[in-house]
Structures are given as structure tokens and as C-alpha cells.
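Here's a quick briefing to read alongside the coordinates. Have the viewer open and follow the topics in order.

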There are 2 protein chains.
Amino acid sequence: MKAVTMQDVADRAGVSPKTVSRVVNNEPRVSESTRKKIEKVIDELSFKPNKSAQSLAADRSLLIGLLYDNPSSTYVVDLQAGVLGVCNKFGYGLVIHPCENDSPELIQRLRELLVSSRMDGLVLTPPMTENQELLDFLVSSGTPYVLISPLDNSQSELSVSVDDSVITQQAIQSLIDFGHRRIGFITGLRKRSGSEMRLLGYQQALEKNNISYDESLIVQGNFTFGSGVLAAQELLRHENPPTAIFASNDYMAAGVMKAALQLRISIPHELSLCGFDDTPVAGYMSPGLTTIRHPLERLASHAGELLIRQLKKHTQPLEVETLKSELILRGSTGPVNNKTN
Amino acid sequence: MKAVTMQDVADRAGVSPKTVSRVVNNEPRVSESTRKKIEKVIDELSFKPNKSAQSLAADRSLLIGLLYDNPSSTYVVDLQAGVLGVCNKFGYGLVIHPCENDSPELIQRLRELLVSSRMDGLVLTPPMTENQELLDFLVSSGTPYVLISPLDNSQSELSVSVDDSVITQQAIQSLIDFGHRRIGFITGLRKRSGSEMRLLGYQQALEKNNISYDESLIVQGNFTFGSGVLAAQELLRHENPPTAIFASNDYMAAGVMKAALQLRISIPHELSLCGFDDTPVAGYMSPGLTTIRHPLERLASHAGELLIRQLKKHTQPLEVETLKSELILRGSTGPVNNKTN
DNA sequence: GGATCTGATGAAAGTGCTTTCAGTGGATAA
DNA sequence: TTATCCACTGAAAGCACTTTCATCAGATCC
């Protein structure tokens with residue numbers, strides 16, 4: 001089962017290896033006729049270029065890296081799926097790199113990875129997208145990268161984003177439409193722009209509906225189940241408790257559900273609850289959790305394609321496609337229960 | 001920032017590139033003194049061999065593949081973490097390959113991947129571990145592989161396994177110790193050996209405690225939330241319903257919880273519930289779900305190491321370490337409620 | 001019509017490592 | 001002592017591509 005080489009193709013097509021190489025790499029300066037001829041032979045022999053040889057000769061690895069630091073495995077898997085898809089499409093390999101954004105060794109580790117894997121470019125996800133030290137390092141080392149960001153960061157060609165504030169506003173609006181006026185908000189880690197954008201969306205929705213912003217309804221969480229429980233307890237023991245709670249992710253929402261159960265507050269009759277991320281938990285809770293779903297896989301594939309097109313020389317620029325997040329309505333939200341009013 | 005080559009090291013150490021290569025690859029026939037000397041230079045220059053060149057010259061990619069087809073993303077991420085760890089340790093790259101075991105194109109896709117990525121070996125996970133056609137293909141194509149299997153499949157050096165039956169038996173025993181005698185069992189997909197092993201463990205536990213096996217307490221599920229709901233409904237409407245239910249995974253257990261809620265059956269007071277896998281859901285449900293945790297990451301790293309040692313020429317065989325699954329007790333299981341008796 | 005340009009093609013020289021095979025010198029055997 | 005062996009080392013030839021640069025015919029120009 002000896003592998004077919006470029007030389008084999010060249011011989012069969014009656015051209016030089018260089019011309020085959022031109023066709024393989026989509027280079028110009030090949031007459032249409034010889035291109036067709038060579039493509040035919042490539043097909044017949046089902047020739048695949050040897051990646052190692054390509055890398056060695058061209059001094060590029062045909063590898064891109066995906067950096068993430070996210071406790072939600074569904075999030076990670078969706079990202080991977082997206083990037084993997086484009087990688088396959090363009091003949092690139094994917095190097096996955098789970099990391100710890102807060103680790104002092106982050107950059108050192110990455111540097112090692114960059115040396116050993118020689119990745120041609122990187123896709124960064126939050127929170128690394130906001131790690132300035134990291135970004136500086138990448139720029140200084142000349143590593144191309146693309147960000148998947150929760151900001152509408154249209155600043156550059158370098159990022160793909162969905163605006164968390166827009167969809168959050170929509171979710172809050174849906175609660176308001178159900179008649180809720182006092183809506184608790186559990187934040188994520190405040191330093192993350194995603195958290196800030198969600199809070200912003202909340203504020204915008206209130207403003208739009210002339211509901212005054214009550215600081216005491218905003219409780220700090222840290223994206224974990226436990227923090228959701230605590231935050232909910234605080235909110236639900238409020239002297240004038242909210243009739244709805246928006247949690248900045250599903251895990252905290254699950255925490256709210258637990259707290260509500262403990263306090264014998266029924267969802268959605270006495271309390272409406274909305275999460276964020278549409279993790280499997282959301283569907284498996286009782287009642288199902290109303291939540292927000294980002295088109296993660298497509299975001300990731302978009303980011304990957306952006307990166308790869310930037311890396312390849314002879315490619316058309318990517319047409320931009322608008323990606324929309326979705327509000328998933330389930331049983332955890334509903335009309336305000338009037339008996340309490 | 002020109003990269004350091006083997007030649008540079010050779011020059012600085014006053015030896016030939018070949019000797020440096022010997023040191024890098026841990027080959028024998030190098031005197032201790034020159035080995036030390038070369039290692040010193042490698043350190044000073046922080047030389048890393050160029051993977052592409054290595055691959056090209058030695059005709060091996062230094063890549064291993066991880067094949068999985070599992071809806072649980074935590075499962076997938078744990079596996080990846082395990083294999084990734086070993087890969088880094090041994091200077092290998094990891095190619096992740098989510099696939100569909102039932103797809104007729106599975107083998108074709110894999111063949112393409114094998115051609116384009118030239119992976120040196122594969123780690124297979126269930127259900128691919130039981131896909132004979134796939135295994136045959138791998139053997140015939142001469143691709144080394146290692147299995148992560150739920151069978152105690154000590155048949156070969158080629159597999160790493162934990163015996164699902166043992167830990168299931170333990171879980172059922174714990175229910176029996178709580179006084180349960182009628183224990184419902186929701187199976188997974190029956191063709192999977194993991195499912196069979198779990199059922200076997202259930203049967204063994206009953207037998208050991210002289211509890212007769214009641215076929216009507218066994219309901220078929222398919223690992224999904226929905227199937228859990230249905231199975232639970234069937235069990236709970238049984239004329240002589242079980243006081244405890246074992247679901248073959250957490251998702252189905254979540255389904256049971258939902259069904260119980262609908263039927264106003266309280267967990268754990270009126271019904272004990274045990275899941276399998278210890279996914280995040282288990283911790284986020286109310287009450288928390290008693291479940292079983294496999295040491296997945298370590299299984300995966302073990303499998304990876306087994307594979308890589310097999311691939312590398314100059315390595316010691318791996319000492320076997322016994323990996324144990326764990327029963328995680330949470331609020332969903334408890335003593336039989338005597339008021340119903 | 002000769003000079004110049006241009007698009008298409010190929011020859012040759014890398015790319016950084018491993019392989020194969022040929023030494024080399026000292027130790028062991030006869 | 002001489003033949004044999006063995007541990008250690010290196011020279012040279014790849015590996016399958018890409019790069020650079022040269023070539024060459026036909027088109028374009030004045």
C-alpha cells in the first residue's frame with residue numbers, strides 16, 4: 001500500500017512535479033487544460049499530498065490551534081466541531097489546547113506548543129480573547145489569530161462575534177412581556193466582557209420599558225452552580241423579591257432552581273427563570289429551562305475559515321454571514337402570578 | 001527567530017547530526033559521555049526537533065487519533081484530556097475524530113483521515129470498540145490501535161478497561177443495603193457491551209442477596225433523556241412498582257426524575273434513583289443524583305500511553321495500574337420509605 | 001521585424017530529519 | 001600475536017514536497 005506521490009502524478013500527467021504542486025496549491029499560472037488534466041490524474045490515483053513534506057518544504061505546519069478555557073464541555077465540543085469542520089475542508093489539522101487563562105505559565109506553555117507544533121495560526125475563545133498579555137505575545141511572535149468574542153467587536157477582520165447584549169435584552173423583554181417588572185440578575189465573573197454585555201442588555205431592556213434599575217436586584221455570581229444557589233438565596237430573601245431571575249449561565253440557573261426548591265418557591269408559578277448557554281442541563285431540568293443558545297459551532301467554523309483564508313495565499317476572502325443567537329423558551333418562564341400581587 | 005536545527009546542535013557539540021538524532025530518539029549505542037554532552041547543548045539551545053522533518057524522514061506522523069461517538073460532551077472532553085496529556089508527554093500530536101459508528105461512511109472517512117493525517121495509531125472508544133468491521137479494517141490496513149472498553153477484556157495488551165458490571169453490582173448493593181428489594185433497571189442500548197455489563201452487575205447483586213430477578217422491572221432505554229422518562233413511567237405505573245430505579249446513564253436518570261415529579265413521587269423518600277457517568281447534570285439536579293464515575297481521564301491516558309509505547313521503539317513497557325470506578329452517593333438514594341409497606 | 005513582455009512550465013536546490021551502511025578503535029578470543 | 005567482535009560514530013543518500021530561477025513560445029509593441 002505504497003503512497004502515491006506527486007512525482008507519480010507528474011509522470012502520469014506528463015508534466016513536472018512543480019506543475020502538479022501548482023495545481024494542488026491552487027496557484028495561478030497554470031493553463032486550464034493542464035490543470036484539468038492534472039486534476040483528473042489526481043482523482044484517478046486519489047493522490048493526497050504528504051502533509052509532512054508540505055510542511056517541511058513550505059515551512060508551515062498546516063495546523064491551527066484552538067485555545068479554550070471553559071468549564072462547559074458542551075461549549076468546548078461545539079467549538080471543536082466547528083473548527084474541525086473547516087480544518088477538514090481546507091486540509092488543515094487541528095491542535096486542541098485546553099488551558100488556564102489565569103495561569104502564570106499560560107504563555108510559556110503556549111510558546112512551547114508553538115515551537116513544537118509550529119501552528120500556523122490560532123483561534124482564541126473567551127476569556128483568552130481578553131488576555132492582553134497573551135494577545136501581545138501572539139502579535140510579537142507573529143502568530144496570526146482570530147477571536148471568537150462576545151463583544152460586537154467589528155473592529156477588525158480578526159474576530160467573529162455575537163453580541164451578548166442584544167440577545168439578553170430580548171430575553172429580558174420576554175420576561176417583561178410576561179408581566180415581570182422586578183427581575184433579578186445574576187452576573188458572571190465581572191471582568192469578562194461577556195458578563196458585562198449581558199448586564200448591559202438587561203439594563204437596556206429595563207430602560208426601554210421604563211423600569212427603574214434597582215441595584216439590589218443585581219447579584220454577583222461566578223458561573224458555578226454553587227454561586228447560583230447563593231445568589232438566588234440572596235435574591236429570594238430580598239424584602240421585595242423579584243418575580244423573575246435571569247442567570248448569566250445555565251449552571252447558575254440550575255443553582256437558582258435548587259434554591260427555589262429549598263425555599264418552596266415554585267417555578268414558573270412563583271418565579272420565572274432564564275439561563276444562558278442552552279447546555280444539556282437546561283433540557284433535563286424540571287421544568288425545562290428557558291435559556292439562550294449561541295450558534296457556537298457556526299461561530300467557530302466561521303472563525304476557523306477566517307483564519308485559514310488568511311493563511312492561505314490563493315483564496316478568496318470569506319463572505320460574512322450574520323450569526324444569530326436564539327432565545328429558547330421552555331417551562332421555567334411564564335406570566336407573573338397575580339395572587340402574589 | 002530562526003529555528004535551531006539538529007545540525008546546529010551537532011556543530012556545537014562537535015558530533016554528527018546522526019548522533020544527535022540518536023540522543024533525541026533515545027537510541028542505544030551512544031556513550032554516556034557524548035549523550036550528556038549533547039543533552040547539554042540541546043538544553044542550551046533549547047532545541048526542539050522539527051516534527052515535519054521527523055515525520056517525513058522516518059515515515060511516521062507522530063500523530064495519534066482519538067475516535068469517539070458519544071453524545072456526552074463531558075465524556076468526550078475527559079477522554080481528550082487524558083490522551084492529550086500523554087501526547088504532550090511523548091511529543092505526539094492528537095487528532096480528534098468525532099464520528100458516527102452507525103454511518104456507512106465511517107470506514108471511508110477514516111480511510112481518508114488515515115491517508116491525509118497519516119496517524120501512527122488510534123485510540124478507540126465505545127461503541128467503535130465493538131465495531132468488528134472497523135477493527136478488521138484497521139488490522140488489514142496495519143494501523144495499530146488500543147481500545148478503551150467496558151468489558152474486562154484483558155484478552156490483549158490492546159485494551160484498557162474497567163468492568164462496568166463490578167461497579168454496577170456495588171451500586172445495586174448499596175440500594176439493597178438501604179432496604180430496597182424491588183429495583184427497577186433501565187438499560188442502555190442493548191447491543192452495547194457496556195449496557196450488558198451493567199445489567200449483568202444488577203443481576204449478580206440480586207443473586208448475591210437472594211432477590212429473585214423480575215423481568216418486568218427491566219425496561220429498555222436508549223441513553224436519552226426522553227427514553228428515561230418513558231421507561232420511568234412504565235416502571236412507576238407497574239402494579240407493584242419498584243422502590244428504587246437504576247438508570248444506565250445520568251441522562252435517563254434525569255428523565256426518571258422528571259417522570260417522578262410529574263407523578264408526584266418524591267425522590268428519595270418514595271423512590272431512590274441511581275444514574276451512571278457522573279455528568280454535571282448529576283450534581284445540578286435536586287436532589288443530587290447518586291451515580292457512578294469512571295476514571296475516564298486516566299483510562300484515556302493509560303490507553304494513550306499503551307499505544308505510544310507500542311509505537312516507539314526504544315521505550316519500556318508500561319506498568320499496569322488498576323483503575324477503579326467510584327460510586328458517588330448523593331441525595332437521590334436513601335432508605336426505603338416504610339410507610340408504603 | 002526585432003525587441004520586449006507575459007503566461008506557462010520545468011530543473012535544481014533546498015527543507016531538517018532518519019536510514020543505511022561503512023568505518024574505527026579497543027576488547028576479547030584463539 | 002592476530003583474528004574477531006562489538007560498541008560507538010559519521011557520511012551520504014534519501015523522504016515528498018516547495019522555492020527560486022531559468023527557459024521558452026507566443027503575444028504585444030513600435
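A cavity here is a set of grid points where a 1.4 Å probe fits but cannot get out, and its volume is the space filled by probe spheres set on those points. Keep in mind that this is a predicted model. By that definition, the structure holds 1 cavity of 30 Å³ or more.

**The cavity**

- The largest cavity comes out at a volume of about 80 Å³.
- Two or more lining residues come from each of α5 (73-90) and α12 (280-284) of chain A, and likewise from α5 (73-90) and α12 (280-284) of chain B.
- Chain A brings A:S73, A:T74, A:Y251, A:P280 and A:V281 to the lining.
- On the chain B side you'll find B:S73, B:T74, B:Y251, B:T279, B:P280 and B:V281.

**Around DNA strand D**

- There are 24 residues around DNA strand D, and the ones that come nearest are A:K18, A:S21, B:T19, B:R22 and B:T34.
- By class, the surface near DNA strand D has 10 nonpolar, 9 polar and 5 charged residues.
- Both chains take part: α2 (17-24) and α4 (51-58) of chain A, plus α2 (17-24) and α4 (51-58) of chain B, each supply at least two residues of that surface.
- The most comes from α4(A), which gives 4 residues.

- A:S21 places a polar side-chain atom 2.5 Å from a phosphate oxygen of DNA strand D.
- B:T34 also goes to a phosphate oxygen of DNA strand D, with a polar side-chain atom at 3.2 Å.
- B:R22 goes to a base instead, with a polar side-chain atom 2.8 Å from a base oxygen of DNA strand D.

**A sheet in chain A**

- Chain A has an open sheet of 4 strands in the order β7-β6-β8-β9, with parallel pairing.
- Its edge strands, β7 (218-219) and β9 (272-274), each pair on one side only.
- Strand β8 (residues 244-247) pairs with β9(A) in the parallel sense over 3 bridges.
- To find that pairing in the viewer, look for A:F246, which stands opposite A:C274 in β9(A).

How values were computed:
Residues are numbered from 1 along each chain as its sequence is written. Chains are lettered from A and ligands numbered from 1 in the order in which they are written. This is a predicted model: local features need pLDDT of at least 70, side-chain atom pairs count only at pLDDT 80 or more; totals for chains, interfaces and linings use all residues. Side-chain values use heavy atoms; hydrogens and water are left out. A residue is near a molecule or strand if one of its heavy atoms lies within 4 Å of it. A polar contact is a pair of N or O atoms within 3.5 Å; within protein, one must be able to donate a hydrogen and the other to accept it, and residues adjacent in sequence count only if both atoms are side-chain atoms. Ala, Val, Leu, Ile, Met, Phe, Trp, Tyr, Cys and Pro count as nonpolar, Asp, Glu, Lys and Arg as charged, and the others, Gly among them, as polar. On a 1 Å grid over the protein atoms alone, a cavity is a set of points where a 1.4 Å probe fits but cannot get out, and a pocket is an open set with protein on both sides within 12 Å along at least five of seven lines; lining residues have an atom within 4 Å of a point. Two strands pair if DSSP finds at least two bridges between them.
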